[in-house]
Amino acid sequence: MLTKTKIQSKLKQILPKKNVLTTIEECYVYSQDGTNGVESKVLPDVVVFPETIEEIQQIMSFANKHKIPVIARGAGTNLVGACIPVRGGIILNFTKMDKILEINKTNMTARVQAGVVIGQLQDKVSESGLFFPPDPSNLRVSTIGGAIAQSAGGPKTFKYGTTKDYILGLKVVLANGQLMEVGVNTIKNATGYHLEQLFIGSEGTLGIVVEATLKLIPKPETTRVIMAYFDDVDSATNSVVKMIDANLYPSTIDFMNKNTIETVEKFYKIGLNTSKEAALIIEIDGFESSMDTQINRLKDVLETSQASDIVISYSQEEQDKLWTARRASFGATAKLSPDVVTNDMIVPRENISKLVNGINDICEKYSLKVCIVGHIGDGNIHPQIALDLNNPTEASNYEKAKSEFYKLTLKLNGVLSAEHGIGLEKKAFLSDSVSPLALEYMKKMKNVFDPNNILNPDKIF
Ligand SMILES: Cc1cc2nc3c(=O)[nH]c(=O)nc-3n(C[C@H](O)[C@H](O)[C@H](O)COP(=O)(O)OP(=O)(O)OC[C@H]3O[C@@H](n4cnc5c(N)ncnc54)[C@H](O)[C@@H]3O)c2cc1C
C-alpha cells in the first residue's frame, strides 16, 4: 500500500497541481456528503478535479495497480452516504467536467460530460424546444453523473419516468483505466446486452461515468400547478387512484402532510392552508389549448375526492410559489431541530395510504417529529425527521423507526429505495429486499468490473 504522500505526488504528476487538494481542511470537506447521521472517521487521501477522460484513465490505472479506493463525486448531495470515503483513497470530483458537448435537435439527444448540472442542462435544451425531465429536486446543484449513479427520479416520474429512461449511451472508465463505450446515440437499440443500464444505480461501484448521451423529448408548451387540500390523508391518496381511473396524466402528483404544510408555512410564509391534514401539488402540462379541459376534469376528480381549497396557478410566478412550498420542505424541516434525516421508500400505488399512515404511527411510537412528503403518484414517500442526532435516545429511536419503516414497506410489497439509492445507509437491509440469487449475481458483477474492489468500496453491499 502506497503512503498518502506518494499517492498525492503521483496525482500531481497526472493533473495540474491546482486540480489536486491535499490539506486536512480540504480533505475534511470531502469526507462527508448530503447525508446526516452517516459519518466516516477517515478522510480521503486526496481530492482531484480531472478535466479530461485521459486524466481519469491514468488515475484509475494507477489506483488499480496500487489498490487505492476511488470515489466519484458530483455535487455530493446524495442522502445515503454514497460519496463517503470509508477507506480513504481518491475523491474524483466532477465539477470541472461540466460541459454540454452537443445538443442534436433532429435526433432529440444531448451529449454531456458527467459533471453537468441538471438545471443547466434543462435550461440549455429548453432553448431548442426540448426537455430533459429527470430532476432530483435539487436540480440547480446536482449532476447527471450523480443522477445516473443513484438512479434518480424526482417529481416528474409519474408521467415521464426516471433517469434510467433517458440514458441512451455512456462512456465509462473502468477500474483498470480502460474506456468502455456502452449503448448508442439512437433512440432504439437491440444490439446485445444493455450494459449502459447496468451502470444506472450502481453508485460508482462498477465504473466511472465520464460522458452520457441522453434522450430528450419535446418541451411541453405550457404548465399549470394545482394545489388541493384534504381533511384526511386517505382522501388525498385515493384521489390519485381516481385520477388514473379518469385517464388523467399529470406530470407531477406530490404530497405534503399536515406537519409539512405547517412547517413550510412557519418558515416561508407562502400562504398555505395550515388547517388541513394533507395537500397535493399537481402539475399538468401540454398544449395551451388543452389546459382548461385538463383543469376541469382534474377539478371534478378532486371534488369527488373531498378536496377543498383548490388553488390553480396560471402565471409562472404563482407556479414557482407553489413549487417553493414543496422544494422548501427539507430546508424547513431542518430548522425544527439540530438535524434532519430523510428516507425513501416506494410501494405499489394501492398501498400508499397504508405506508403514509404506518409511518405516522411508527414516528408517534418513537416520539419523532416527522414531515412526510413524497412523489405520491409513484407510491414514493420521503419521511423527513427533525431530531438531535447527538441525543442518544432520539438517535436510537430513529434507528428503530427506520427498521420498522423498511419492514412495513416490504410487507406492503414495496422496495427499500425508489430514487435515493442504498449507499452506506441501507446496505444492512439490502438482503431483505433483493432475492439471494439476485444478490449473488450483483456481487459477481461487481467482481467482474472491479476485481480489486477499488470503486467506491463498502457501498451497496
Ligand atoms: C434536498 C434534497 C432532495 C432530494 N430529492 C430527490 C428527489 O426528489 N428525487 C431523487 O431521485 N433524488 C433526490 N435527492 C437525492 C439525489 O439522488 C441526489 O441528491 C442527486 O441525484 C445526487 O447527485 P450529485 O451530483 O450530488 O451526486 P453525488 O452525491 O456527488 O454522488 C452520488 C453517487 O454517484 C456517484 N457518482 C457521482 N458521479 C459519478 C460519475 N461520474 N461516475 C460514477 N459514479 C458517480 C458517487 O460516487 C455516489 O455514489 C435529493 C437530495 C436532496 C439533498
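Me: At what angle does helix α3 (residues 53-66) run to β8, and across which strands does it lie?
Reply: In this predicted model, helix α3 lies across β8, β9 and β10, and runs at about 55 degrees to β8 (axes are lines fitted to C-alpha atoms, for helices over the stretch in contact, and angles run from 0 to 180 degrees between N-to-C directions; contact requires C-beta atoms, placed from the backbone, within 7 Å). Helix α4 (residues 118-126) also packs on the sheet, where it touches β5 and β6 (109-113), and its direction makes about 35 degrees with that of β5. Residues are numbered from 1 along each chain as its sequence is written. Local features need pLDDT of at least 70 and side-chain atom pairs pLDDT 80 or more, whereas totals for chains, interfaces and linings use all residues.

Me: What makes β8 and β10 a pair?
Reply: Pairing asks for at least two DSSP bridges between two strands, and six bridges join β8 (residues 167-173) to β10 (residues 208-215), so the two antiparallel strands count as paired. Val 173 stands opposite Ile 208 in β10.

Me: Why are β5 and β9 called edge strands?
Reply: The open sheet has the order β5-β6-β10-β8-β9, with antiparallel pairing, and β5 (100-104) and β9 (179-183) each pair on one side only.

Me: Which residues touch the most other members of the largest nonpolar core?
Reply: Val 48, Leu 92 and Val 209 do, among its 66 residues. This core draws at least three residues from each of domain 1 (4-93) and domain 2 (100-218). Leaving aside neighbours within four places in sequence, the contacts of Val 209 include Ala 114, Leu 170 and Phe 199.

Definitions and conventions. Helices (H or I, at least four residues) and strands (E, at least two) are DSSP runs, numbered from the N terminus. Two residues are in contact if their C-beta atoms, placed from the backbone, lie within 7 Å. A nonpolar core is a set of buried Ala, Val, Leu, Ile, Met, Phe, Trp, Tyr and Cys residues joined through C-beta atoms within 7 Å. A residue is buried if 20 or more other C-beta atoms lie within 10 Å of its own, exposed if 12 or fewer, and partly exposed in between; C-beta atoms are placed from the backbone. Domain bounds come from an automatic or database domain assignment.
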